[in-house]
Amino acid sequence: MKHRWSSILLALLMTIMGTGYFPDQAAAQEAIRPHELQQAADSAVEKALARESIPGVAVVVTLQDRIIFQKGYGFADVEHGVPMDPERTILPVGSLSKSLAATAIMQLEEQGRVSLDQDVNRYLSSFHVPMFQQQPITLHHLLTHTAGLDDAMYGVEAASPSKAVELRTFMKHYFDEQPPVRLPGEAFAYNNANYGLVASLLEDVSGKPIDDYMSRYIFEPLDMPSAGISAPLSPDMARSYTFEDGSYVPLPHSYVNMPGAGGVSMVPVEWAHYMIAQLNDGMFRGKRLLHADTVRQMQARHFAEHPHLEGVGYGFFRTRLRSGLLTLSHTGDINGFSAKMVLVPSRKLGIFVISNAPSQGGKLHDSIISSIVQLLPEARQELKVNQTPVSSQLQQYARTYTLTLGPLHGWGKWLRWLGTRDYEVSASENHLVIHGIFPDGPGEKESRIYEPIGTGLFREQESDNTVSFKQGRDEWSMSFTQGVTLAEKPPWWRHPATSLAIYVTIAVSWVLLFVIGVVRCLLRVISPKRFGPASACSSTWIAAIFTCYLSGQLLYGNSEAMIHGYPWWYVWCFSALPFIGLVRAWYIAVMKLRPLQPHIRNRIVPSLTSCLIAGLSLLTVAFLFYWNMLPLHYS
């Protein structure tokens, strides 16, 4: 009894002193012993480094209001043998910047300077955001990636600070070229443009550039002296690599034109300060970043594709472990760097993993984070689901669904051909089997088993990933956890693979015409009396024009130039070649068909050939125009 009263008095005393002590947090602290934590992290990182050839990793773990573990593994700079140091090595956090941008907006919301449910045009002074079907976009839509914006991918990065575009200029150009493509609030679709617009609105309302605002109201209160947005390269900045042919290949550094979506860099231990603030009602070392109610609002569920899914908050993805334990997370990938943050609010536990290599589908970070989370006793207990549907109930989901990635406007519209994946869903006894190329997989088709955990909701056997199904008016749709929604496979004439087949057929036709034309021209040069004069090779020049364009478009149009922005010569000169070929082809066809020409019988074959080439050139230009591959775009 005496021990019981001592515990109660201790808890009351700690609460009065403001340390946030609660029995379940004390249990978590006792459960995560330092030696077990280091052993779990060391084992997971060493396996990942060896398995995936990662050059370096930094891991930081926080509990309640302090850092309980920090360690660097491998190298921040392989060439010079610089070790990864979580207290010194500066690394870009990529899309984790979005969580900071959301925090900044919530500060303005606390002050009454913005409202999350108002049309964003009410706050913008530099440009106007167009509407889709007259429905306004709000900050709520932007913060939850439900604004219905087209994929942002043109000129989103710059090779150097001098080539970077000012944020509001970039966003104005983006909306001029790419208006919204779906109703706001209709579906989740992760898009950097959402937080690019958030940052632009932040600048207009605060009257400060985003880097100045973040430095004053985010970085200073959180004691982040190394933090910066699109900062110039520092001697302490890590280098990123890919592993090719047994050696590390350095990746180039670039600068984002939407800094609110992914421009922040800092040392790992300083990111831990942000996790501590989020886990302690907005407080860090006596300084308040946000009010407690605002923190809870950020972390709350604001949109989900299925009523039993946790969905997204503002700057966070919400998921539950198999034990039912709620986690908040976000990932970041940029310039070959990858990071992931996971918070367990009920235990005030924060985990941050960052590396100077691509994420490999998130396996590196997930394996490390999972090994640490499993130290919590609750995480090792699986929540039982009392549901055993019969096979006949599962048959309704057995269909083929098509994932189509890519913008609907601009130069990259044709990338939808390449970003298309079909997923075949079949029912087997009391589970579903999904066959396809998974985002976190090896890049090859594989089959995964999903078990039912709710009506229309299934969880993968080997992980916590889920998939949900929904029936619309005319078709079914399928959604992966925090991923885009997949519609049922369309008819073959509307499938992106058909457009790709048409493009290949057109390209092969022009190449064959060019090769045949070259052979004919050579024969005419060698024997003009037998095969005709060499001047009759106009069709070969037309084929050469289209072959040159299609080859250059394939080799250069699909390069990083699309991300950094195409140069003027490609847009207005090279991409205009098909128009030149079209005009020349029709000019020749008309000349061949002129009336009152002698020897009309001898002109039949050349005239038909010219007409076919003119028709093919018209089909080619129309096809390229529809898919936005010419200086003038269809959409």
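Predicted model: local features only at pLDDT ≥ 70, side-chain atom pairs only at ≥ 80, totals over all residues.
Residues are numbered from 1 along each chain as its sequence is written, and side-chain values use heavy atoms, with hydrogens and water left out.

The protein has 21 helices and 24 strands; helices (H or I, at least four residues) and strands (E, at least two) are DSSP runs, numbered from the N terminus. Of its 635 residues, 51% count as buried, that is, under 20% relative accessible area with a 1.4 Å probe and protein chains only, where over 50% is exposed and in between is partly exposed. Among contacts (heavy atoms within 4.5 Å) with a separation of 6 or more, 65% come from residues 24 or more positions apart.

Eight strands close into a barrel in the order β17-β18-β19-β20-β21-β22-β23-β24, with antiparallel pairing; two strands pair if DSSP finds at least two bridges between them. Neighbouring strands of this sheet are turned by 30° against each other on average, direction ignored. Met478 stands opposite Leu486 in β24.

Elsewhere, β7 (residues 241-244) and β8 (residues 247-250) run antiparallel and are joined by four bridges. Glu244 has Ser247 of β8 opposite. Two residues lie between the strands of this hairpin, and Asp245 takes a positive phi near 50° there.

Next comes a pair of helices. The axes of α6 (residues 167-177) and α7 (residues 192-206) come within 10 Å and cross at roughly 130°. That angle makes α6 oblique to α7, since angles under 35 degrees count as roughly parallel, over 145 as roughly antiparallel, 65 to 115 as roughly perpendicular and the rest as oblique. Axes here are lines fitted to C-alpha atoms, for helices over the stretch in contact, and angles run from 0 to 180 degrees between N-to-C directions. From α6, Leu167, Arg168, Met171, Tyr174 and Phe175 meet residues of α7 including Ala193, Leu197 and Glu203.

Finally, His306 sits in the loop between α11 (292-299) and β13 (317-320). Its relative accessibility is 7%, so His306 counts as buried. Leaving aside residues up to four places away in sequence, His306 touches Arg301, Thr455, Gly456, Leu457 and Ser468.
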